[in-house]
Amino acid sequence: MTEVVEVPLPVRVELAHAAVQALADEAGVDVLHIKGPAVHPGLRAHTDAATDVDVIVRPSGVDALMAILAAHGWRVETTFDAGSAFDHAANLFHESWGMLDVHRHYPGMDRDPAHAFDRLWSSRDSVELGHLPCAVPEPLAQSLVLLLHSARTPHPGGDHPDLAPNWTDRTPQDRELIKALAADTGATVALAAATGHLDDYQGDPEAAVWEVFVHGGDRLDEWTARFRAARGPRAKVSVAWRSLRVNRYYLGLKLGHNPTRPEVAVESVRRIGAGVKALAGRVSWR
Amino acid sequence: MTDQRLLIAARTAWVERDGTVYAAPLPDGPPFVLAGAGAVIWLSLAEGGTLEEVTQRVADDVGSPAEVVTADVATFVAGLVDAGLVVRRTVPAVPASSHD
């Protein structure tokens, strides 16, 4: 009567949202589902284009969520500090469900992740995914999330497709509300990057980070900008240290096998040498 | 007096797409694919009710007398219960006199 056969990707993604919600419920952790089928109809033209599940987790619940995911067969593919310079998301894989991005904070809203999550959570909506209620940001907050994502993913040959439904085609009143939400979640500069107003923040250290995404740049540009944007010596040292740390996942991809301890050590020395030289030439410690 | 009602398990996720139902036990899966008559039975079951009520809905949907589909529906539903996708819940039957 039943058999395990190929499940269409959009269906698998929707079921995977429900699976993650079930585990979040079991762990007592708040998560907000974003992107793909979690997006309000009309804010993204092609919800079927989603290939993975994206959730933002309440920062205080990150460890509990990651633990229960691991206990139920989710394998970490990239750790939080192995992805972008924002250190924002871990990428996981499950045999039944496919790919999952767990965001411990959202790029652009990363100055005070706990407050940003609280703000999104306090006005949340609920949608049924796989017939399970899942918490999602309310539509204006969804627009902000999609706009901040579009700022990190420039669209070749024109505006990002998410710009029109979430900004250009919205009413002036809606845009003001999105700006207010951005201000409340520390995302004013990131929103400006998404909406083509980054020049208004010239000289702002945070703007330098977004300029890399808007105008293009390599990983060193990204780290250099993050270093400039970091507030205070302690934060700058943290960025510098993280920029030099060996990413075991990518080193493994390069080597074709899990790196051994000596291989990591060799890569560490190489990165520190190259990194210190490059950073010294490109940034100021003030 | 009691009735056994059929319910989709609380920890079952499901999606209907183009006449096919994809149902999965949570949180680990994997998803099952219910096509054709299987999808018809699932969607009838999703409305709730006893096995007899579900069978009657399926019969109405496929245009056959209930007695023709009864055995197949019962077998299929038993499989769904075994897979953990559906539960049987025993509830007190409403006495006929209470409708007076």
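Chain B of this predicted model holds three helices and five strands. Read from the N terminus, its elements follow the order β-β-β-β-α-α-α-β.

Next, the overall dimensions of chain B. Along the principal axes, its C-alpha atoms fill a box of roughly 45 × 30 × 20 Å. The chain has 100 residues, and 31% of them are buried. Contacts across the sequence can also be sorted by separation. Take the contacts in chain B between residues at least 6 apart in sequence: 46% of these join residues at least 24 apart.

Now look at one pair of strands in chain B. Strand E2(B) covers residues 12-17, and strand E3(B) covers residues 20-25. The two run antiparallel and are joined by six bridges. One pairing to locate in the structure is Ala13(B), whose bridge partner in E3(B) is Ala24(B). Together E2(B) and E3(B) make a hairpin, with two residues between the strands. Asp18(B) sits in the turn. Its phi is positive, at about 55 degrees.

From here, turn to chain A and a pair of packed helices. Two packed helices are described by the angle between their axes and the distance between the axes. Helix H4(A) spans residues 139-152, and helix H6(A) spans residues 172-184. They pack at an angle of about 70 degrees, and their axes are 10 Å apart. Angles of 65 to 115 degrees count as roughly perpendicular, so H4(A) is roughly perpendicular to H6(A). The crossing of H4(A) past H6(A) is right-handed.

Which residues of H4(A) and H6(A) meet? H4(A) brings Leu140(A), Ala141(A), Ser143(A) and Leu144(A). H6(A) brings Asp174(A), Leu177(A), Ile178(A), Leu181(A) and Ala182(A). By class, the residues of this contact of H4(A) with H6(A) are seven nonpolar, one polar and one charged.

Last comes the contact between the two chains. Chain A gives 22 residues to the contact, and chain B gives 20. Where does the largest share of the side of chain A come from? Helix H1(A), residues 9-27, supplies that largest share, with eight residues. Sorted by class, the side of chain A that touches chain B has 13 nonpolar, six polar and three charged residues.

Note on methods: Residues are numbered from 1 along each chain as its sequence is written. Chains are lettered from A and ligands numbered from 1 in the order in which they are written. This is a predicted model: local features need pLDDT of at least 70, side-chain atom pairs count only at pLDDT 80 or more; totals for chains, interfaces and linings use all residues. Axes are lines fitted to C-alpha atoms, for helices over the stretch in contact, and angles run from 0 to 180 degrees between N-to-C directions. Helices (H or I, at least four residues) and strands (E, at least two) are DSSP runs, numbered from the N terminus. Angles under 35 degrees count as roughly parallel, over 145 as roughly antiparallel, 65 to 115 as roughly perpendicular and the rest as oblique. A crossing is left-handed if the near helix is turned anticlockwise from the far one by less than a right angle, and right-handed if clockwise. Two residues are in contact if their C-beta atoms, placed from the backbone, lie within 7 Å. Ala, Val, Leu, Ile, Met, Phe, Trp, Tyr, Cys and Pro count as nonpolar, Asp, Glu, Lys and Arg as charged, and the others, Gly among them, as polar. A residue is buried if 20 or more other C-beta atoms lie within 10 Å of its own, exposed if 12 or fewer, and partly exposed in between; C-beta atoms are placed from the backbone. Two strands pair if DSSP finds at least two bridges between them.
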